[in-house]
Amino acid sequence: MKQRIFWIPVFLILALGCLGTSLNQRMVTRAGETAAAAAAETSMEESIDTADGGIVARLAELDAQIAQDRARISESTGQGKAAADSERKLWETELERILAKLEEELSSREMTVLLTAQKEWKREREALAAEASKNQRSAALEELEYNASLAESTRQRVYELAETYEDILSDTE
């Protein structure tokens, strides 16, 4: 009976420790999501100013902002996952913004070609992310690598579209 009484407090301490870790991870994830939402909102509100170098210069500023955010985040897996997810959301928001502008400016035929290429790119992006994450030692690292790969692929696609359609994107605002 005494052994049973001894294990109850030990179990409670372990359970509270796990609960605390879980809550901390949720807070870090929410903080990352809040930062991503705020940055995306700011990004959406900013206009493309051709006097400052146009859309490519604006994307470089976005890269600099992400680099600053990375520098502030510690190397823990929980914070890394939140940061990768935040970056992915930021770049996806920027991609959606560019596609919306192009939809306004391109002809129906040009837009159909672009959307077909976009679907193919999405398939390739998913395959690259799956490949990048499959060799990780844990599920947490797998998710981190998957989101980081999605973020980088989306970043590259945003730059590709910005450079290809720079004249159109700079003239729309």
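Helix H5, residues 139-164, has 26 residues and reaches 37 Å from its first C-alpha to its last, close to the 38 Å expected at 1.5 Å a residue. Please keep in mind that this is a predicted model.

Which residues of H5 are buried? The list includes Asn147, Leu150, Ala151, Thr154, Val158, Tyr159, Leu161 and Ala162. If you look at the spacing, here is a handy rule: an α-helix has 3.6 residues a turn, so residues three or four places apart point the same way.

Now let's zoom out. Of its 173 residues, 33% count as buried. The accessible surface comes to about 11100 Å², and 54% of that belongs to carbon and sulfur atoms. Among contacts with a separation of 6 or more, 77% are between residues 24 or more positions apart.

How far can we trust the picture? The chain averages a pLDDT of 76, and 63% of the residues score at least 70. Among the elements, helix H4 (residues 108-133) has the highest mean pLDDT, at 95, while helix H1 (residues 2-45) has the lowest, at 51. Over residues 36-51 the pLDDT is below 50, although this stretch has 26 contacts in the model beyond near neighbours in sequence. Where pLDDT is low, the predicted coordinates should not be read in detail.

On to the inside. The largest nonpolar core has 20 residues, and those with the most contacts inside it are Leu59, Trp91, Ile98, Leu102, Leu114, Leu161 and Tyr165. Helices H2 (54-72), H3, H4 and H5 each supply at least two residues of this core. Which helix gives the most? That is H3, with six residues.

The ring centres of Trp91 and Tyr159 are 6.1 Å apart and their planes sit at 45°, so the pair is tilted. Trp91 lies in helix H3 (residues 77-105) and Tyr159 in helix H5, so the pair ties together parts that are 68 residues apart in sequence.

Are these two buried or exposed? Trp91 has 1% relative accessibility, so Trp91 counts as buried. Tyr159 is at 13%, and because buried means under 20%, Tyr159 counts as buried too.

Finally, have a look at Leu59. Leaving out residues up to four places away in sequence, Leu59 touches Trp91, Glu94, Val158, Tyr159 and Ala162.

Key: Residues are numbered from 1 along each chain as its sequence is written. This is a predicted model: local features need pLDDT of at least 70, side-chain atom pairs count only at pLDDT 80 or more; totals for chains, interfaces and linings use all residues. Side-chain values use heavy atoms; hydrogens and water are left out. Helices (H or I, at least four residues) and strands (E, at least two) are DSSP runs, numbered from the N terminus. The expected span of a helix is 1.5 Å times one less than its number of residues. Buried means under 20% relative accessible area, exposed over 50%, partly exposed in between (1.4 Å probe, protein chains only). pLDDT is the predictor's confidence in each residue, from 0 to 100. Contact means heavy atoms within 4.5 Å. Accessible areas come from the Shrake-Rupley method with a 1.4 Å probe; for residues, only the protein chains shown count as cover. Rings of Phe, Tyr and Trp (its six-membered ring) pair if their centres lie within 6.5 Å; planes under 30 degrees apart count as stacked, over 60 as edge-to-face and the rest as tilted. A nonpolar core is a set of buried Ala, Val, Leu, Ile, Met, Phe, Trp, Tyr and Cys residues joined through side-chain atoms within 4.5 Å.
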